[in-house]
Amino acid sequence: MLTDLKIKSLKPKEKPYKVLDGDRLYLQIMATGKKFWRMRYKLKGKDSFFTIGEYPMVSLYHARRERDKAAAQIAIGLDPNIEKKADEMRKKSEDSSTFFAVSEQFFLKKKNDLSDNYAKQFEVIMEKDVYPAIGDMPISRITAPYLLKILESIESRGAPTIAILARLFISQVFRYAGARLMVEADPTIFLAGVIKRPKVRHNPPLEKPQLVEFFEKLSLYKGFPTTLIAIKIMAHTFIRTKELRFLKWSYIEGDAIILPADIMKMSTKHVVPLSPAVIELINELRKYNGGHELMFPNARDSSRPMSNTTINRVIERLGYQGDFSGHGFRSTASTMLNEMGYREDIIERQLSHMERKGQRRAYNHAEYMPERRCMMNEWSAFLVGLGV
């Protein structure tokens with residue numbers, strides 16, 4: 001049997017020659033001085049040889065391991081030369097099918113179907129938490145333990161919701177890869193429920209005395225007039241923060257705002273009747289922002305909406321941190337309008353809530369517009385009476 005010392009002592013001759021190691025493995029020394037590991041084998045009655053690699057890049061130890069691997073393949077009828085080419089092709093395919101590459105393919109294909117907020121979340125979470133860990137890995141070699149480490153790392157910094165989103169986004173990439181036969185399974189299925197979703201803490205609605213106190217404090221707040229108008233419009237119309245931020249002047253049609261499906265939570269067009277009080281607020285707002293496309297543009301870049309934290313930062317400065325938020329105007333309005341005797345169907349429709357029960361959701365297409373307009377006018381009048 002060969003040793004490293006003996007191999008190093010082998011000198012080239014005029015013609016190539018072989019030195020046996022054992023069990024069909026030999027070293028062929030070329031006239032140039034190069035030395036190659038090769039193995040003799042017979043498959044289906046045909047003699048052949050398998051080139052393992054060049055010494056010293058392939059050591060004696062690794063040559064013997066490759067010989068044993070090839071012998072196992074031959075024993076079950078596989079040709080090691082064909083298997084080697086298949087491995088090389090597989091590796092080449094893996095190099096061009098990293099998680100990052102597949103994720104980018106998925107994102108580019110699906111981007112137009114995603115909301116701006118969803119697309120932004122996907123990009124941020126992938127770039128911050130996922131790509132640094134597995135971006136360069138062939139997607140076919142990524143297993144659940146790699147992904148668990150990512151999710152636990154995110155959770156450990158106090159962001160369980162981000163961890164849940166990361167699992168969702170990773171799963172989408174794997175399902176995309178699976179449909180293209182790049183992977184055989186989605187390893188995230190083993191991680192379902194591993195991160196516990198935090199309980200959502202809903203801020204209680206304000207009662208009438210608290211509502212009066214809130215707007216008394218707001219009237220003394222020295223901030224941007226447009227932000228104060230935004231808060232008042234939210235109180236009168238109880239639309240969502242995102243819907244307010246993305247309002248455009250072109251959405252106003254007469255005495256209503258028509259919110260398009262692409263900014264709505266339920267992706268359905270929504271009509272908001274405007275009371276005289278809200279129209280007055282909008283006319284005041286026009287003095288500040290009437291020259292822009294957006295009704296509430298960002299102070300630094302008018303092509304973008306105001307920050308999604310602007311409203312809540314003001315509310316926090318008024319002393320309501322953890323107790324109330326912009327979203328709380330919706331629950332406040334809902335509670336008080338129920339107390340005023342308005343039917344739940346009308347209130348829920350104005351809140352743009354969708355029916356959850358299948359049959360009722362399928363057949364309840366009523367807009368209740370006359371009742372909603374009456375309700376919104378009375379709600380505004382109620383707020384004006386409180387000094388809003």
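What you're looking at is a predicted model, where local features need pLDDT of at least 70, side-chain atom pairs count only at pLDDT 80 or more, and totals for chains, interfaces and linings use all residues. Residues are numbered from 1 along each chain as its sequence is written, and side-chain values use heavy atoms, with hydrogens and water left out.

Let's start with the helices (DSSP runs of H or I, at least four residues, numbered from the N terminus). Find α8, residues 208–220, and α13, residues 328–339: they pack at about 140 degrees, with axes 12 Å apart. Axes here are lines fitted to C-alpha atoms over the stretch in contact, and angles run from 0 to 180 degrees between N-to-C directions. Angles under 35 degrees count as roughly parallel, over 145 as roughly antiparallel, 65 to 115 as roughly perpendicular and the rest as oblique, so α8 and α13 are oblique to each other.

Which residues in α8 and α13 meet? Lys 208, Leu 211, Phe 214 and Phe 215 in α8 meet Phe 329, Thr 332 and Met 336 in α13, where contact means heavy atoms within 4.5 Å.

Now for the second largest pocket, with a volume of about 440 Å³. A pocket is an open set of points on a 1 Å grid where a 1.4 Å probe fits, with protein on both sides within 12 Å along at least five of seven lines; lining residues have an atom within 4 Å of a point. The volume is the space filled by probe spheres set on the points, which are joined across faces, edges and corners. Of its 19 lining residues, Phe 224, Thr 227, Pro 297, Ala 299 and Thr 310 are the closest to the centre. Helix α12 gives the largest share of the lining, 4 residues.

How values were computed
Helices (H or I, at least four residues) and strands (E, at least two) are DSSP runs, numbered from the N terminus.
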